[in-house]
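Work through the exercises below with the sequence and the model side by side, and try each task before you read its solution.

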Amino acid sequence: MALLEIDSLVKHFPISAGFFGRKTGDVKAVDGVSLSVEDGETLGLVGESGCGKSTLGRCLLRLIEPTSGDIRFEGEEITGMDFDRMREMRRKMQIIFQDPYASLNPRMRVGEIIGEGLQIHGIADGAELKDRVMALLAKVGLREEQYGRYPHEFSGGQRQRIGVARALALNAKFIVADEAVSALDVSIQAQILNLLQDLQEEFDLTYFFISHDLRVVEHVSDRVAVMYLGKIVEIAPADRIYSDGQHPYTRALLSAAPVPDPTRKAKRIVLQGDVPSPINPPSGCSFHPRCPFAQKICSEVEPQLEFDGDHGVACHIFGPGATVKPN
Ligand code: SF4
């Protein structure tokens with residue numbers, strides 16, 4: 001059953017210029033994304049930086065207001081929900097940010113940071129609040145005596161554990177992990193990923209796991225969606241993406257990532273240039289200026305996500321919707 005469904009979600013940031021602030025265009029950060037996240041699964045979202053992943057993650061919790069489209073959580077439409085109702089909803093929908101250094105208030109003690117949500121929502125106070133925070137500290141692998149310390153007294157990995165405890169405090173069901181381990185050393189990354197997986201099992205959590213690092217996403221995801229310039233270009237169960245990724249962008253990302261298994265050799269597809277500006281994305285398939293397989297149709301007609309079972313690809317030449325043979 002889908003816990004979260006999004007339909008035709010769009011987030012455009014207007015750009016203005018001149019003395020009168022005349023609107024001159026839009027940054028098309030999220031441009032018509034539809035997908036669902038099943039109850040209890042981890043959906044990984046990958047793509048290069050600047051492709052709209054974080055904006056999409058924030059739109060799901062309405063930390064950024066979408067321009068248009070629908071978001072349903074537990075079957076209830078949350079776009080347009082009033083402030084009080086949305087605040088209630090957010091108890092179940094939390095986010096873990098990339099930078100554990102910047103996302104914790106340096107003037108608050110750890111116990112206050114973790115317990116803040118419980119207090120704001122009137123769930124616990126006094127000794128009960130402290131007990132609940134202590135229990136959360138233990139759950140994320142921190143010690144009780146660290147309750148009264150400040151964020152600067154912790155390592156990066158420990159700070160991310162504090163971020164995880166804060167997200168869990170209100171009994172969240174759905175957590176957006178936005179590059180949650182990207183700022184950490186590889187060995188610490190593994191510890192936090194293992195912690196997130198243990199907590200998922202214990203609390204039946206659903207994750208929307210955003211990362212530019214395909215190997216991190218592979219480690220944790222049930223399904224993976226690949227995003228390019230505000231759109232999903234491929235989505236499939238994780239093993240299908242990694243063994244049989246079809247979209248040239250997916251294959252380029254995979255071929256550029258280090259492969260720990262020497263039997264899995266991918267032909268290197270070298271991407272030319274950077275992600276184009278989302279202010280004025282290329283016509284047709286927005287990947288065509290960088291795609292080594294591009295043909296005439298690619299710059300003229302935008303490919304749609306076409307599915308074969310649970311594997312969707314948006315490409316004219318590869319995948320279930322292919323209408324043109326490769327050159
Ligand atoms: Fe490449 Fe064309 Fe497919 Fe786009 S539609 S990914 S340009 S082959």
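**Exercise 1.** Find the bridge partner of A17 in β2.

*Solution.* Begin at A17, whose bridge partner in β2 is R22. Next, widen the view to the strands (DSSP runs of E with at least two residues, numbered from the N terminus): β1 covers residues 2-17 and β2 residues 22-38, and they pair in the antiparallel sense over 13 bridges, where pairing requires that DSSP finds at least two bridges between two strands. Finally, look at the hairpin, which has 4 residues between the strands and in which G18 takes a positive phi near 85 degrees.

The model is predicted, so local features need pLDDT of at least 70 and side-chain atom pairs pLDDT 80 or more, while totals for chains, interfaces and linings use all residues. Residues are numbered from 1 along each chain as its sequence is written, and side-chain values use heavy atoms, without hydrogens and water.

**Exercise 2.** Describe the largest cavity and the residues closest to its centre.

*Solution.* A cavity is a set of points, on a 1 Å grid over the protein atoms alone, where a 1.4 Å probe fits but cannot get out, and its lining residues have an atom within 4 Å of a point. Of its 14 lining residues, P248, C285, C291, C298 and C315 are the closest to the centre.

Note on methods: On a 1 Å grid over the protein atoms alone, a cavity is a set of points where a 1.4 Å probe fits but cannot get out, and a pocket is an open set with protein on both sides within 12 Å along at least five of seven lines; lining residues have an atom within 4 Å of a point.
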